[in-house]
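Below are some questions and answers on one protein chain. Please keep the sequence and the 3D view at hand while reading.

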Amino acid sequence: MTTETTPQATLITLTPKAIAHVKSLLDRQGKPDGYLRVGATGGGCSGLSYKLDMADAPDTDDRVMEFDGLKVVMDPKSSLFLSGLELDYNDDLMNAGFTFRNPNAVHTCGCGNSFGV
């Protein structure tokens, strides 16, 4: 397990809004010490889909990052497709949800949750 704490060592970035929202979700689930798992999985209309999940602990081969006290984990395979990703959270009434800015994506679908590399 690799622990990364310096900004230049992180695979991805999270905006302050995304960090605050995930911390709130973890608190509501009664898991303030939990982890956010960020990943990519096969499927979706563009070939790969983003995956966000909560985890109690990192897996053995996970990359571990920390953002303002929020622990984030990512498996090695996902890191191939998500390196450089910026995860944001939009709290607008009509468009609330997470948004992904992935420099590796060659094309994306209309919903923004699927991409191709």
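Q: How many helices and strands does the secondary structure of the protein chain come to?
A: The model is a predicted one. Read from the N terminus, its elements follow the order β-β-α-β-β-β-β-α-β-β-β-β. The totals are 2 helices and 10 strands.

Q: What share of the residues in the protein chain is buried?
A: A residue counts as buried when its relative accessible area is under 20%. The chain has 117 residues, and the buried share of them is 38%.

Q: What share of the accessible surface of the protein chain belongs to carbon and sulfur atoms?
A: The accessible surface amounts to about 6,500 Å². The part of this surface that belongs to carbon and sulfur atoms is 51%.

Q: Among contacts between residues at least 6 apart in sequence, what percentage join residues at least 24 apart?
A: A contact here requires heavy atoms within 4.5 Å. Of the contacts in the protein chain between residues at least 6 apart in sequence, those joining residues at least 24 apart make up 57%.

Q: Which element supplies the largest share of the largest nonpolar core?
A: This core has 21 residues, and Ile-12, Leu-14, Val-38 and Val-72 have the most contacts inside it. At least two residues each come from helix 1 (16-28), strand 3 (35-42), strand 5 (63-67), strand 6 (70-74) and strand 7 (86-90). The largest share is 4 residues, and the element that supplies it is helix 1.

Q: Which residues does Val-72 touch, not counting those up to four places away in sequence?
A: Val-72 is one of the residues with the most contacts inside the largest core. With residues up to four places away left out, Val-72 touches Ile-12, Leu-14, Leu-36, Val-38, Arg-63, Val-64, Met-65 and Phe-67.

Q: Over how many bridges do strand 7 and strand 8 pair?
A: A hairpin of 6 residues joins strand 7 to strand 8. Within the pairing, Tyr-89 stands opposite Phe-98, and Asp-88 has Thr-99 as its bridge partner. The pairing is antiparallel and extends over 5 bridges.

Q: Is Thr-99 buried, partly exposed or exposed?
A: Thr-99 is located in strand 8. Leaving out residues up to four places away in sequence, Thr-99 touches Glu-86, Leu-87 and Asp-88. Its C-alpha is 6.0 Å from that of Tyr-89, which is 10 residues away in sequence. Because its relative accessibility is 29%, Thr-99 counts as partly exposed.

Q: How many residues apart in sequence are the parts that the pair of Tyr-50 and Phe-100 ties together?
A: The structure has 2 aromatic pairs. In one of them, Tyr-50 and Phe-100 are stacked, at 4.1 Å centre to centre with 0 degrees between the planes. Tyr-50 belongs to strand 4 (residues 48-55) and Phe-100 to strand 8, so the parts tied together are apart in sequence by 50 residues.

Q: Is the pair of Tyr-89 and Phe-98 stacked, tilted or edge-to-face?
A: Tyr-89 is buried at 14% relative accessibility, whereas Phe-98 is partly exposed at 23%. Their ring centres are 5.1 Å apart. Planes over 60 degrees apart count as edge-to-face. The planes of this pair are at 70 degrees, so the pair is edge-to-face.

Q: Is Ser-79 buried or exposed?
A: Ser-79 sits in helix 2 (residues 76-82). Apart from neighbours within four places in sequence, Ser-79 contacts Leu-11 and Met-74. Because its relative accessible area is 11%, Ser-79 is buried.

Q: Is Thr-60 buried or exposed?
A: Thr-60 is in the loop between strand 4 and strand 5. Its C-alpha is separated by 9.2 Å from that of Asp-75, 15 residues away along the chain. Because the relative accessible area of Thr-60 is 72%, the residue is exposed.

Definitions and conventions. Residues numbered from 1 in each chain as written. Predicted model: local features only at pLDDT ≥ 70, side-chain atom pairs only at ≥ 80, totals over all residues. Heavy atoms only, no water. Core = buried A, V, L, I, M, F, W, Y, C linked by side-chain atoms within 4.5 Å. Buried < 20%, exposed > 50% of the residue type's maximum accessible area, 1.4 Å probe, protein only. Pairing = 2+ DSSP bridges. Areas by Shrake-Rupley, 256 points an atom, 1.4 Å probe, with all protein chains shown as cover. Phe/Tyr/Trp six-rings, centres within 6.5 Å; stacked < 30°, edge-to-face > 60°.
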